[in-house]
Amino acid sequence: NLFMADRMDKLEGEAAFAVLAKARELEAKGMDIKHFEVGEPDFPTPMKIREAGKKAIDDGLTFYSPAQGYMPFREAIADYAKQYKNIDTDTSEIVVTPGGKSMIFFTLMCLVNPGDEVIYPDPGYPAYRSMIKYTGGIPVPVNIIEEKGYSFDLDELESKISDRTKLIIINSPGNPTGGVLPPEDIDRIAELIENKNIYVFSDEIYDRLIYEGTTKSIASIASVKDRVIVADSFSKSYAMTGWRLGYGIMNPVLAEEMTKLQINCNSCTSTFVQVAGIEALKGPQDEVDRMRGEFMKRRDLVVEGLNSIKGFSCMKTAGAFYAFANIKSTGLESSELASTILEESGVALLDGASFGDNGKGYLRLSYANSEENIMEALNRIDLLMGRIM
Ligand code: PLP
């Protein structure tokens with residue numbers, strides 16, 4: 001016992017990083033591994049964005065920016081939010097952070113008192129539950145339902161709201177399923193909180209990756225906007241995971257509180273990275289469109305391939321870059337099957353249960369990988385299932 005604080009028991013790790021580490025060990029022993037575990041675009045960051053980052057360094061933007069974010073960048077975000085999310089906002093409502101993940105943590109730190117209930121999607125991004133527990137909140141999962149295209153049953157969501165509910169977390173398109181909440185559902189969620197002291201955290205980091213239909217930002221609904229925190233990030237849309245750049249849009253009082261956290265925690269987000277972010281938002285968007293087109297082709301390939309494997313069935317969802325395959329009819333535990341597929345076939349993917357209890361019986365594959373690797377991985381899984389079933 002090296003005297004850690006008690007609260008550290010409440011923080012969880014993340015399966016994607018744990019499986020990646022295991023896959024790397026197998027690679028070190030000479031095994032050829034196909035990687036479908038980590039949710040990270042395999043495309044390089046678009047050239048214009050890289051050039052803007054390099055130029056910003058040469059221009060001397062290598063000092064602290066204001067803690068809340070570099071002003072020209074916040075102005076670009078406000079314009080972008082109007083154009084792509086239909087949100088009326090200004091720079092006082094925007095806080096820039098190193099990635100979208102900090103926005104989840106900062107929001108919970110600012111809003112949750114011990115004993116407050118936080119509703120979140122199950123299966124859902126693991127950081128939600130981990131950070132709810134860490135900040136002393138009570139995690140209240142709501143099922144994400146396959147038969148509903150991986151969205152909520154809104155009556156169930158309503159039934160989970162209590163006097164102690166402080167926050168509802170939504171994520172559309174969603175990790176790990178790729179499910180998209182239709183605009184009607186967003187309207188209904190807004191109605192549910194309209195006259196209550198409840199905030200909504202809307203994780204919109206995959207909203208540029210929608211292949212059919214549409215979603216809607218709950219912050220575009222004026223009557224609830226002051227109780228919404230929108231979180232967005234450059235990691236997925238602009239293939240910038242390692243740059244660490246994200247932001248939140250929220251009421252100005254909360255923005256000030258969050259800036260206090262930022263001052264205590266990071267001082268600011270890297271200044272030249274924010275300048276590269278201006279190019280991402282204001283420059284040509286053709287690279288984003290091209291990547292989306294590629295992801296869509298791969299989605300079709302993955303879903304078709306998974307559906308032809310014995311015991312697997314996979315719904316074609318409309319967003320993000322995840323396939324969530326139902327393997328219940330194999331009668332196997334998804335955790336065991338995920339390990340067997342890694343160890344015997346060299347395909348790294350994730351057990352659905354690592355995203356919550358309701359993800360048991362599913363496997364998540366991130367299809368941010370080449371068509372060639374996708375074909376090879378599907379083939380390997382197919383051979384394995386033919387052998388063990
Ligand atoms: N939210 C969701 C739903 C995610 O899937 C991820 C990353 O996988 C994040 C937030 C955080 O991404 P980042 O911190 O790289 O912006």
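Predicted model: local features only at pLDDT ≥ 70, side-chain atom pairs only at ≥ 80, totals over all residues.

Analyst: Start with Ser233, which stands opposite Gly246 in strand S9. Ser233 belongs to strand S8, residues 228-233. S8 and S9 pair in the antiparallel sense, over 4 bridges.

Now move across to S9. S9 covers residues 246-249. Is S9 covered or open on its faces? Both faces are covered. Gly246 and Gly248 lie on one side, Tyr247 and Ile249 on the other, and all are buried.

On to the next partner of S9. S2 pairs with S9, again in the antiparallel sense and over 4 bridges. Within that pair, Val96 stands opposite Tyr247 in S9. Helix H3, residues 71-85, packs on the sheet here and touches both S2 and S9. The direction of H3 makes about 115° with that of S2.

Step back to the whole sheet. The sheet is open and has 8 strands, with mixed pairing. Their order is S2-S9-S8-S7-S6-S3-S4-S5. Why do S2 and S5 each have a side without a neighbour in the sheet? S2 (94-97) and S5 (151-152) stand at the edges, each with a single partner strand, so one side of each is left without a neighbour.

Helix H5, residues 126-134, lies across S3 (117-122), S4 (138-145) and S6 (165-171). H5 runs at about 165° to S3.

The domain assignment gives domain 1 as 6-45 + 287-388 and domain 2 as 48-282. The C-alpha centres of the two domains lie 25 Å apart. Their contact takes 35 residues from domain 1 and 36 residues from domain 2. On the domain 1 side, helix H10 (286-307) and strand S11 (322-326) each supply at least two residues. H10 gives the most to that side, with 6 residues. By class, the domain 1 side divides into 16 nonpolar, 10 polar and 9 charged residues.

Technical notes:
Residues numbered from 1 in each chain as written. Pairing = 2+ DSSP bridges. Contact = placed C-beta atoms within 7 Å. Axes fitted to C-alpha atoms, helices over the stretch in contact; angles between N-to-C directions. Buried ≥ 20, exposed ≤ 12 C-beta atoms within 10 Å, placed from the backbone. Domains from an automatic or database assignment. Nonpolar A, V, L, I, M, F, W, Y, C, P; charged D, E, K, R; others polar.
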